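Here is a short briefing on one model. Keep the sequence and the 3D view open while reading.

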Amino acid sequence: MKSIQSWGMFPKIKNDFYTFTNIVELHTIHQSKRQMIPYGNGRSYGDSALAEHIVGTKKYNYFIHFDEKLGLLEVQSGVLLSEILEVFVPKGWFLKVTPGTKLITIGGAIASDIHGKNHHVEGCFSECVESFSMMLADGSVKTCSKLENTELFHATCGGMGLTGVILDAKIYLKKINSQYINQSTIKTKNLKETFDAFERYAHEPYSVAWIDCLAKDNEIGKCLLMVGDFADDANLAYTNKKQITIPFNFPSVALNHWTVKIFNWLYYAKTRKKISKQKVDIDTFFYPLDAIGHWNRIYGKGGFTQYQFILPKETSFEGLEEILATIADSGKGSFLAVLKLYGKENENYLSFPIEGYSLALDFKIEKGLFELLDTLDEIVVKYKGRIYLTKDVRVKKETFEKGYPHIEKFRRFRKKNHMSDTFQSLQSKRVGI
């Protein structure tokens, strides 16, 4: 047995790991009748892709077809977003929706129904999916879309791999004329200024803010908000940047209240003007952490978790103010604290976004952390928010259920199609889906 981990390196369990390069091999794995879960490139932070038996999809990774007139790309589910970018950015195409890492598979993007810095404009990844095929619990292969096998489509997009193994997908790309983004950085002094800035720049297609989560009192919510859009300079000479690599796990004590506080002060202070403009490349704007190989080792061998929640627009200001004050008082800050604006909720049963604001924070696994996160859960529920399953590793069933109104519909669909007999993860058992 191996010990396949998530990106958060927690929890650590032993598991059997199977891979396939064609449908026949996947059928053979499927016929073992073991409970299993699909696993892409291991960038899910929590335990949504962990189980005793794991089916790795990364070797199922061929490009199948591209319709240049429609911008419609067909690929197998193990293809990485980075591989798509390397081929298609020089041709003038980009992903319609992309998360903060390009090192995930297409199958993982669908299973998490990922979102990016442009959710308020483009929505989730499922909005650019024309269709996909998948192997179900009974071994059959079905194609689904918003018009064909509709319920399967809505259950699978955001369904965390619990409906079957995604095989291939057709996705729409967007036309671009540069590998650069014209970026504006807005420096705010508190949460009110931050919200005002988000609304003032809501017309920009891409927006994301870094928040100083250790700021207190009248500085709570101060941020650097980055907004932008693609340039139009016909420079498409894109190549994947070389990484620097963290060669070993940092000592646990290296990341503490004081080092985070110093980092936050320096990061905020480096931007001097209230509004400044930059021209940055795709990797710098969309994927800054991908430049550092194994950056998860910064948190030490005990691992870390990302706590990401979203609140409805009408409760976002008050809720975020209370949550940020609670984090600052705890002293367990995060130097990766990302605030984003979201548009309308979609019809998928377990998709994360609702219209409002989300905050994502990385925390080192240490004594007292889960108690803090339990407290934050109570505040999230109080303000009618929800937790993102792709990042989660510890939320309680009752907390999870309160945030997802379609959970019973998802459970009934799984039960009716005998999916729970075959596809289970540590997470699905913990939250009862």
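The model is predicted.

**Nonpolar cores**
- Phe-309 belongs to the largest nonpolar core, which has 118 residues.
- Phe-309 is one of five members that touch the most other members, along with Phe-94, Phe-125, Phe-132 and Ile-171.
- Another core lies apart from the largest one and has 12 residues, including Trp-7, Leu-214, Trp-295 and Ile-298.
- In soluble globular proteins, nonpolar side chains tend to be buried together.

**Backbone exceptions**
- Most residues other than glycine have a negative phi, and most peptide bonds are trans.
- The peptide bond from Phe-10 to Pro-11 is cis, with omega near 0°.
- Pro-11 sits in the segment before strand 1 (16-19).
- Asp-113 is not a glycine, yet its phi is positive, near 40°.
- The loop between helix 3 (106-111) and helix 4 (119-122) holds Asp-113.
- Asp-113 is buried, at 1% relative accessible area.
- Met-160 is also not a glycine and has a positive phi of about 60°.
- Met-160 lies in the loop between helix 5 and strand 9 (165-175).
- Met-160 is buried, with a relative accessible area of 8%.

**Cysteines**
- The disulfide count is zero, with a cut-off of 2.5 Å between sulfur atoms.
- Cys-128 is buried, with a relative accessible area of 2%.
- Cys-223 is in no disulfide either, and its nearest cysteine sulfur, in Cys-213, is 13 Å away.
- Cys-223 is buried, at 0% relative accessible area.

**Second largest pocket**
- The second largest pocket holds about 260 Å³ of space.
- Its lining has 17 residues, and those closest to the centre are Leu-136, Ala-137, Asp-138, Asn-417 and Met-419.
- Which element gives the largest share of the lining of this pocket? Helix 5 (residues 150-156) does, with three residues.
- By class, the lining has five nonpolar, six polar and six charged residues.

How values were computed
Residues are numbered from 1 along each chain as its sequence is written. This is a predicted model: local features need pLDDT of at least 70, side-chain atom pairs count only at pLDDT 80 or more; totals for chains, interfaces and linings use all residues. Side-chain values use heavy atoms; hydrogens and water are left out. On a 1 Å grid over the protein atoms alone, a cavity is a set of points where a 1.4 Å probe fits but cannot get out, and a pocket is an open set with protein on both sides within 12 Å along at least five of seven lines; lining residues have an atom within 4 Å of a point. Grid points are joined across faces, edges and corners, and a volume is the space filled by probe spheres set on the points. Helices (H or I, at least four residues) and strands (E, at least two) are DSSP runs, numbered from the N terminus. Ala, Val, Leu, Ile, Met, Phe, Trp, Tyr, Cys and Pro count as nonpolar, Asp, Glu, Lys and Arg as charged, and the others, Gly among them, as polar. A nonpolar core is a set of buried Ala, Val, Leu, Ile, Met, Phe, Trp, Tyr and Cys residues joined through side-chain atoms within 4.5 Å. Buried means under 20% relative accessible area, exposed over 50%, partly exposed in between (1.4 Å probe, protein chains only).
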